[in-house]
Amino acid sequence: MDVATFLVQCLNALQYGLLLFLVASGLTLIFGVMGVINLAHGSFYMVGAYMAYALAPAFAQVPGIGFVAMLAAGVGLALMLGWALEWAFVSFLYDRDHLQQVLMTYGLILVFEELRSLVAGNDVHGVAIPGWLAGSVRLGSLMDYPVYRLFISGVCVLVALGLYAVIARTRLGMMVRAGAANREMVTALGIDVKRLFRAMFAAGVALAVLAGMLAAPVSSVYPGMGNQVLIICFVVVVIGGIGSIRGAFAAALLVGAVDTFGKVFFPQAAGVLVYVLMALVLLWRPEGLFRAA
Amino acid sequence: MRAPGARAIVLAAAVVALALVPFAGGKFAVDFVTKMMVSSIFALSLELLVGQVGLACFGQAAFFGVGAYACVLLTPKDAAASVWWLGPASVGAAALYAAVMGSLSIRTRGVYFIMVTLAFSQVAYYVAHDTPMAGGSDGIYLGFVPSAAIAGLALVDLSKARPYYYVVLAALVLAFGFLAVLLRSRFGRALAGIRANEQRMRAAGFSTYPYKLAAFVISGALAGLAGFLFAVKDGVVNPELMGWHVSGTVLMMIILGGIGSLHGAVVGAFAFSLLEELFKSEALFGGFATHWHLGVGLAIILCVALLPRGLTGGWTREGKSLGSADERR
Amino acid sequence: MNRQSTIAVLAAAALLLSMPAPAQAPKLKVGFMLPYSGTYAALGEAIEKGFRLYLAEQGGRVGGREVEFVKVDDESDPAKATDNVNKLVKRDNVDVIVGTVHSGVAMAMAKVAKDTGTLLIIPNAGAGAATGAMCAENIFRSSFSNWQPGYAMGEVAAQRGARKVVTITWKYAAGDESVGGFKEAFEKGGGQVVKELSLPFPNVEFQPLLTEIASLKPDAVYTFFAGGGAVKFVKDYAAAGLKDKIPLYGAGFLTDGTLEAQGADAQGLLTTLHYGDGLDVPKDKAFRAAYAKAYGAQPDVYAVQGYDAAQMLAIGLNAAKGDVSRKAEIARAIVAAKIDSPRGAFSVSASHNPVQDMYLRQVVGKDNKVIAVASHALADPGRGCRM
């Protein structure tokens, strides 16, 4: 492999890792920080993709700002959806066994999948890349690199910084982390943990939807797309260490690198390398790479 | 608390009811209930780990799949194997994988344990899916149904539905009985102690690692037995048997049935299968039956909302089982 | 809900399930085992619609018998396959099974069909073994084998002057068989497959492998992807600037049902399949008109396969005077027949797979326009079939 190709592969690994972080960011918040096992995370990602498919034609009329407006609209809708979902299905589960959350969110997966089938049908759809982000950057004489992917990577970094800043550096983040660790104590201190958790859950859903909307133009929109991202998101959060945003970020990049170079150098074992990575990490550091911030 | 005598009567009645199915029902009933019984054995294997030891394993499908694949791969190409060595060999293969998986995973706790077990089962899945040894993604056929003959004397024909039904029923009763005795023994009490408070056990000088590993191996062996019975019945195995969906489904079964009791696992296995059948029924839902996932999903959500302890009211452990403040340390 | 009620309910349910099916009526029972949910649901729907259209054209009768249907959702899940097909065979006592899309599921169905002697017509699953090692007198296929489109494209690639080709697909049986077919024809034509790239199914992160392709600089690339993966691959291939530099050849599924999503990135792509748009076949024009009238949508290759499955069934049963147990006669009739299909007339090989023209198609607008016949009357070798 020559230098040029190697560098491009590094770029591929970086870009994929950042995309993974973006897709896993919602789960990082809900599962990593709040400790809620949300199997429906993949479904929210799918909802985001289908939302992009549904909203894109309307917002495409407005060039430039139309795309950003669509993302904002999607996030707004997702916040409302997440708020309602937490109130209806999750709020009473905090006092119960975690396995009840597992079963509940599993039920939600089935419901979302079927609603999607009823509302949007079973065909494969595409979402057009907005004009100002279409086009490619030439990487030497080797190949082109789509501008849109660089854009997504940029958004990922922003999300990572924002998430870290809020969770690790603000009072709000501190309250959430404290609430996840010990609900009764935090309530006794006068903080409305219920609303706090509801807001955080909604934010997690919104992040998943945002990721779905952003990824839709590159990954296309089709039944079952949520299932495929679910496991890899859990892997990323766990490798990084539950409760650590930095950890999830590092883990995403690590998984991106293993996946990318695995496909090139070990195609026979490419499917299993990520899991071997996770097993090795957990056997070396049984609680993930980073401790909770 | 129910009198032990009453409980024994209920269990006996259940076994009798199951024994009568081939007489009361048609070919399909025999088929379907055989499958539910195999699922019950599978569910029991997971209940041992989750309910009795407190280890939420998300890789149970690996043991099931190893048992099934061992049955198919060890059967010679030209003749039927004797079930008397093929069965134990398949179960042994699953137990071996469980020993390997367990010895490495038990070092982790809570959610991390779940993910490590998932990782190991994914390794098994990819070996089955991607290596030529295991026949590839379309699966492989069982060449011959194993024979149950001893010294030339044919005891029972495992390829016939009715005799096989009773073989599986016997296996279920034996598995249930074995676990019931095991859990009442000193070993079982040690497991209960580990579930309740492992640190206290360790502080009292008890070495918990060998007990957890032993439980893992027994659980793997039982799951392998279920896989073996599945392979003999279906005659075809596929890598999807080791997929995380299967691990997830069996976990859903025992949560639905109620964690903490053996009969909860069996009830959960039956209930989950029947629930799917209910919503798939064209007789009840007509054309909408193709959207049966919606019904099952809603039913599950309702169950969680209204029955916090599953269908049989199994106990739930106090506080959170995974990722709580204590576990994170 | 306490324990007693639980058990009572379960017992009642079990009893209900155990009700034996009613005695067989003179109606012909056709059991659809298709994906009605999940990734392939659209394909399952199309197949059923095509099948029913043919029957409607025959007045709802086949072999002199009225037809009734039973449906089972196979969820494209091989782990549940045997249970699902047993529902059709043992609970509903169907005379004919029609299914399915996913090859792993079809393999389980083939075994049950073989063991019980039930007539099975496969309207899609391309696993070579179904009309190869697992072939049987009562198992037929109305679609294709994975090998066929690949082989046809191998011939095309060689004819078009490609000498070094890289293949890329998912690492699973369908991908292997398709690439195998391509390689066989391409190397026979003097070419060389320099590298066979693959990624785990259903991973769709293609960038690392596209980079490899770019660095290998082959004369052409052959690929097999379907569904969402096909959409993404075509888009990624174009976005990497490879579309204009290295010609992309694919098995037809690369651009079937995916053109709306792929848009401009698919324009001009060449693929091979046993069906396409703009076919100058009168039966196709009639079929498309009838399908549009009945369902308000345009048919696709899956609908055609479903339609032809019904045709094959009719041919067999008419010869056997409606008696499904006369398997030898049914098989003889179908193998001897020339099936008047919207794809063009085709016949059925001795191993019961279609012997058909493979068309070379090019994407023009929203259509896969047939521009030539890539391979006339291409028959799958049916390796391993002992019938």
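How many residue pairs are in polar contact across the interface of chain A and chain B? The rule finds nine, both residues at pLDDT 80 or more, where a polar contact is a pair of N or O atoms within 3.5 Å, one able to donate a hydrogen and the other to accept it, and residues adjacent in sequence count only if both atoms are side-chain atoms. This is a predicted model, in which local features need pLDDT of at least 70, side-chain atom pairs need 80 or more, and totals for chains, interfaces and linings use all residues. Residues are numbered from 1 along each chain, chains are lettered from A as written, and side-chain values use heavy atoms without hydrogens or water.

**Where chain A meets chain B**
- Chain A brings 51 residues to the contact and chain B 46 (heavy atoms within 4.5 Å).
- About 4300 Å² is buried between the chains, 72% of it from carbon and sulfur atoms (accessible area lost on being put together, 1.4 Å probe, summed over both parts).
- On the side of chain A, L99(A), L103(A) and L283(A) lose the most area to chain B, together 16% of what that side buries.
- There are zero salt bridges between the chains (a Lys or Arg side-chain nitrogen within 4 Å of an Asp or Glu carboxyl oxygen).
- α4(A) gives the most to the side of chain A that touches chain B, with 15 residues (helices are DSSP runs of H or I, at least four residues, numbered from the N terminus).

**Inside chain A**
- Helices α5 (residues 147-169) and α6 (residues 171-181) of chain A pack at about 70°, their axes 5 Å apart (lines fitted to C-alpha atoms over the stretch in contact, with angles from 0 to 180 degrees between N-to-C directions).
- Residues V166(A), I167(A), A168(A) and R169(A) of α5(A) meet R171(A), L172(A), G173(A), M174(A) and R177(A) of α6(A).

Definitions and conventions:
Helices (H or I, at least four residues) and strands (E, at least two) are DSSP runs, numbered from the N terminus. Buried area is the accessible area (1.4 Å probe) that two parts lose on being put together, summed over both.
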